[in-house]
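Here is a short briefing on one chain. Keep the sequence and the 3D view open while you read.

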Amino acid sequence: AAGALITGGQGWTLYLTRTLAYQRFLLEQSGGAWNVMTPSPLAAGLVAGLPHAWAWAMQGLVSASCALAIVVRFRRIKARGREIGGVDILLLIAAGFLAAPYSFNYDMPSLALAIVVAMSEQPSLEADAAWRWGVMALWSAPVLMVLIGIAALIAGVSWAATGALLVGGGLILPWRGSSRAELDAGTRPVSEGVT
């Protein structure tokens, strides 16, 4: 809205008519480093040889699933009257990386920060194996997905699903662990004055 007020609506018109088409072209035709730097199910599908329509359908299914899961989680938070915590932010960020067809490993430091915040708020989560494995997957994803992807490319194997698998597993396992911990601990009331 601010951009439209400053420059007029032409920027948005050009974005919707030209930039999106160019980004789609890049997503569908790029190869090499892009394939190992993104946790995108779209990239994994394209590298696996799926037709563009199938790869986009897979991305759409994952994106819709992530959006639905986040909406359900945040509605439950509101219904239970508790504050949004570091774990919730971590899950939101991880879901965002999996849901977006155009994100990269160098965008992922926010995962590390969210992990630190979540662990400082709820150190008891460390006792849960699902939480530990999930956090390890998310923490290592930005580097490990590239290393495994490059090793696969050198070996002549078309493999780029490492990022999607690490972030997907890193989303599901902490979600499970945090849900169990929340049930065990009960809910934390919203602080007075916070809406």
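Arg82 has a relative accessibility of 10%, so the residue counts as buried. Salt bridges with shared partners link Arg82, Arg73 and Asp88 into one network. Bear in mind that this is a predicted model. The points below start with that network and then move to the rest of the chain.

- The count of salt bridges comes to 2.
- One of them pairs Asp88 with Arg73, with the closest N and O atoms 2.8 Å apart.
- Asp88 sits in helix 6 and Arg73 in helix 5, so this pair ties together parts that are 15 residues apart in sequence.
- The side chains of Arg82 and Asp88 also meet in a salt bridge, at 2.9 Å from N to O.
- Asp88 is buried, because its relative accessibility is 2%, and the cut-off for buried is under 20%.
- Arg73 is at 8% relative accessibility, so Arg73 counts as buried too.
- In general, side chains of opposite charge can pair when their charged atoms come close.

**The chain as a whole**

- The chain holds 9 helices and 0 strands.
- Along the sequence, the pattern reads α-α-α-α-α-α-α-α-α.
- There are 195 residues in the chain, and buried residues make up 36% of them.
- Take the contacts between residues at least 6 apart in sequence: 69% of these join residues at least 24 apart.
- The chain exposes about 11,000 Å².

**Gln59 in helix 5**

- Gln59 belongs to helix 5, which covers residues 52–80.
- Is Gln59 buried or exposed? Its relative accessible area is 2%, so Gln59 is buried.
- A polar atom of the Gln59 side chain lies 2.9 Å from the backbone nitrogen of Leu42.
- Leaving aside residues up to four places away in sequence, Gln59 touches Ser40, Pro41 and Leu42, and also Leu98, Ala99, Ala100 and Pro101.

**The aromatic cluster**

- How many aromatic pairs are there? The count comes to 2.
- Tyr102 and Phe104 have ring centres 5.2 Å apart and planes at 80°, so the pair is edge-to-face.
- Phe104 and Tyr106 have ring centres 5.3 Å apart and planes at 10°, so that pair is stacked.
- Tyr102, Phe104 and Tyr106 form one aromatic cluster.
- Phe104 takes part in the edge-to-face pair and in the stacked pair.
- Tyr102 is partly exposed, because its relative accessibility is 39%.
- Phe104 is at 9% relative accessibility, so Phe104 counts as buried.
- Tyr106 is at 54% relative accessibility; the cut-off for exposed is over 50%, so Tyr106 counts as exposed.

**Asp107 in a loop**

- Where does Asp107 lie? Asp107 is in the loop between helix 6 (86–99) and helix 7 (109–121).
- Asp107 has a relative accessibility of 35%, so it counts as partly exposed.
- Asp107 and Pro142 are 35 residues apart along the chain, and their C-alpha atoms are separated by 8.5 Å.

**A nonpolar surface patch**

- Which residues make the nonpolar surface patch? They are Trp12, Tyr15, Leu16 and Leu20.
- The patch covers about 400 Å².
- Tyr15, one of its members, is placed in helix 2 (residues 10–29).
- Tyr15 is at 31% relative accessibility, so Tyr15 counts as partly exposed.

Key
Residues numbered from 1 in each chain as written. Predicted model: local features only at pLDDT ≥ 70, side-chain atom pairs only at ≥ 80, totals over all residues. Heavy atoms only, no water. Helix = DSSP H or I, 4+ residues; strand = E, 2+ residues; numbered from the N terminus. Buried < 20%, exposed > 50% of the residue type's maximum accessible area, 1.4 Å probe, protein only. Polar contact = N/O pair within 3.5 Å; in protein donor to acceptor, adjacent residues only side chain to side chain. Contact = heavy atoms within 4.5 Å. Patch = residues over 30% accessible without salt bridge, like charges linked within 9 Å, V, L, I, M, F, W, Y side chains within 5 Å. Areas by Shrake-Rupley, 256 points an atom, 1.4 Å probe, with all protein chains shown as cover. Salt bridge = Lys/Arg side-chain N within 4 Å of Asp/Glu carboxyl O. Phe/Tyr/Trp six-rings, centres within 6.5 Å; stacked < 30°, edge-to-face > 60°.
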